Number of protein chains: 2
Amino acid sequence: MARTTGSDGEKTEAAIREAAVELIARYGYEAVSMRQLAAEVGVQAAALYRYFPTKEDLLFSLMHEHMDALLGAWNDARPATSDPTTRLIAYVTNHIAFHIERRPSTHISNMELRSLSPERLTQVLKLRTAYEKELRTILREGSEDGSFTIEDTGLTAMALIQMMTGVIVWFRPGERLSVAGVTETYLSMTMRLVGRLVGATTSREQNHVHTRAELRA
Amino acid sequence: MARTTGSDGEKTEAAIREAAVELIARYGYEAVSMRQLAAEVGVQAAALYRYFPTKEDLLFSLMHEHMDALLGAWNDARPATSDPTTRLIAYVTNHIAFHIERRPSTHISNMELRSLSPERLTQVLKLRTAYEKELRTILREGSEDGSFTIEDTGLTAMALIQMMTGVIVWFRPGERLSVAGVTETYLSMTMRLVGRLVGATTSREQNHVHTRAELRA
DNA sequence: GAATTAATTGAACGTTCGTTTTATTATTTC
DNA sequence: GAAATAATAAAACGAACGTTCAATTAATTC
């Protein structure tokens with residue numbers, strides 16, 4: 001056989017991407033063979049090469065798309081306001097929502113960096129750095145205008161990102177916690193980390209005030 | 001040739017472990033071949049099979065040893081005292097020191113779990129859970145006796161571990177920060193996360209008080 | 001110093017890998 | 001409806017993979 005009835009390049013490419021994200025996230029880039037991927041798509045291995053010249057091109061494409069989507073989501077969610085607290089809330093909320101929604105591709109972008117060629121690694125890391133810089137800027141400005149009390153802005157940013165991204169390790173939708181609940185708790189922990197605690201009220205009450213309400217400001 | 005002069009089983013096995021930890025941490029388990037590993041050790045691939053029946057046996061052995069060492073280190077470092085704050089300080093200090101010291105094997109134990117058979121995965125996860133439970137217990141007891149103010153003990157424990165382990169992603173010895181400095185800052189952030197802030201003093205002053213002093217109590 | 005055991009080599013096994021090539025069929029164009 | 005193009009299958013490539021086996025030499029035992 002050759003071309004199959006109803007075959008369509010765009011649909012096939014989308015199917016390849018989808019299957020690749022799931023398989024690579026589950027088994028790892030090196031462990032997934034082109035034949036296994038092709039079987040999942042319902043196609044022969046050779047067909048994959050019409051869309052991606054090499055296996056690494058496929059990986060790079062998935063990662064690049066992931067980072068673009070992350071930066072795009074933040075661009076859509078970032079508030080016009082310049083109030084650091086509002087911006088931090090938006091950042092955390094967007095980060096958690098995005099990473100829960102895109103758990104498989106997040107896994108890939110975090111774990112498979114070492115399978116990229118040096119040039120492509122640099123390219124992906126540049127996007128990641130740009131995204132992280134947004135948080136550092138928020139923390140620094142909030143620190144300067146007295147909104148936050150932070151010892152080390154760089155370290156706090158890394159700790160925050162590490163903490164937030166860690167959500168994908170244990171979070172399973174439909175279990176004990178909802179996305180909103182998780183976000184609420186992580187916002188609370190974030191505010192503690194940046195020193196935005198004033199006094200004696202419990203943190204539960206404190207953080208119920210921001211979040212959803214302030215997010216859409 | 002066959003047996004080489006000066007060859008010694010114990011030394012060879014140690015050399016294999018050492019090389020395997022470095023190579024797998026850098027390139028990933030699937031990406032490292034037995035031949036590549038053997039070359040690094042200075043031996044033929046077949047020689048590896050005298051010490052590890054399969055490649056997966058080797059991986060499992062490395063991970064198991066890592067977890068044993070982690071639990072062992074905590075057992076040595078855990079204070080006799082029952083004061084939650086002192087225990088938390090000891091836990092954080094030990095965790096950061098251990099993970100900086102064992103960055104390669106930490107990487108492996110965090111990233112290569114999916115390459116283990118189900119039974120062995122369970123075995124390793126059991127050790128990890130035991131280690132994490134220690135932290136949850138500290139947080140819970142500190143929460144009960146009023147030392148800490150925590151919304152969700154389980155989530156805070158996960159956030160803390162994620163945050164602390166994240167140190168190995170960016171920390172390079174001999175750069176801007178010393179191990180002591182990093183530990184200081186992370187202790188400060190930890191105390192904030194568990195709600196052990198009282199009032200208006202800056203966090204720098206606050207956390208300089210604990211750490212080194214309280215650690216050896 | 002002969003016999004035994006420990007450690008390793010070198011070659012080979014069958015399998016799977018990423019990738020290429022060629023042929024074939026479906027779809028689109030005119 | 002013929003010509004051109006797009007999408008795939010089928011088969012094959014050499015290379016590399018994890019692993020096994022027999023032969024060989026070093027060290028140890030008695």
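What follows covers the aromatic contacts and the symmetry of a predicted model. Residues are numbered from 1 along each chain as written, with chains lettered from A. Local features need pLDDT of at least 70 and side-chain atom pairs count only at pLDDT 80 or more, whereas totals for chains, interfaces and linings use all residues, and side-chain values use heavy atoms, leaving out hydrogens and water.

Start with the rings. Rings of Phe, Tyr and Trp (its six-membered ring) pair if their centres lie within 6.5 Å; planes under 30 degrees apart are stacked, over 60 edge-to-face, the rest tilted. That rule gives 8 aromatic pairs over all chains. W170(A) and Y186(A) are stacked, because their ring centres lie 6.3 Å apart with the planes at 15°. This pair ties together distant parts of chain A, 16 residues apart: W170(A) belongs to helix α9 (residues 167-170) and Y186(A) to helix α10 (residues 179-193), helices being DSSP runs of H or I with at least four residues. Y186(A) is buried, at 0% relative accessibility (buried means under 20% relative accessible area, with a 1.4 Å probe and protein chains only). Over in chain B, W170(B) and F171(B) go edge-to-face, with centres 6.1 Å apart and planes at 75°; F171(B) is buried too, at 3%. Ring pairs also join W74(A), Y91(A) and Y131(A) into a cluster.

As for symmetry, a 180° rotation with 0.0 Å of shift along its axis puts chain A on chain B at an RMSD of 0.0 Å (least squares on C-alpha atoms of residues with pLDDT of at least 70 in both). The two copies are therefore related as by a two-fold rotation axis. M163(A) has the C-alpha nearest that axis in chain A, at 2.4 Å.

Definitions and conventions. Helices (H or I, at least four residues) and strands (E, at least two) are DSSP runs, numbered from the N terminus. Buried means under 20% relative accessible area, exposed over 50%, partly exposed in between (1.4 Å probe, protein chains only).
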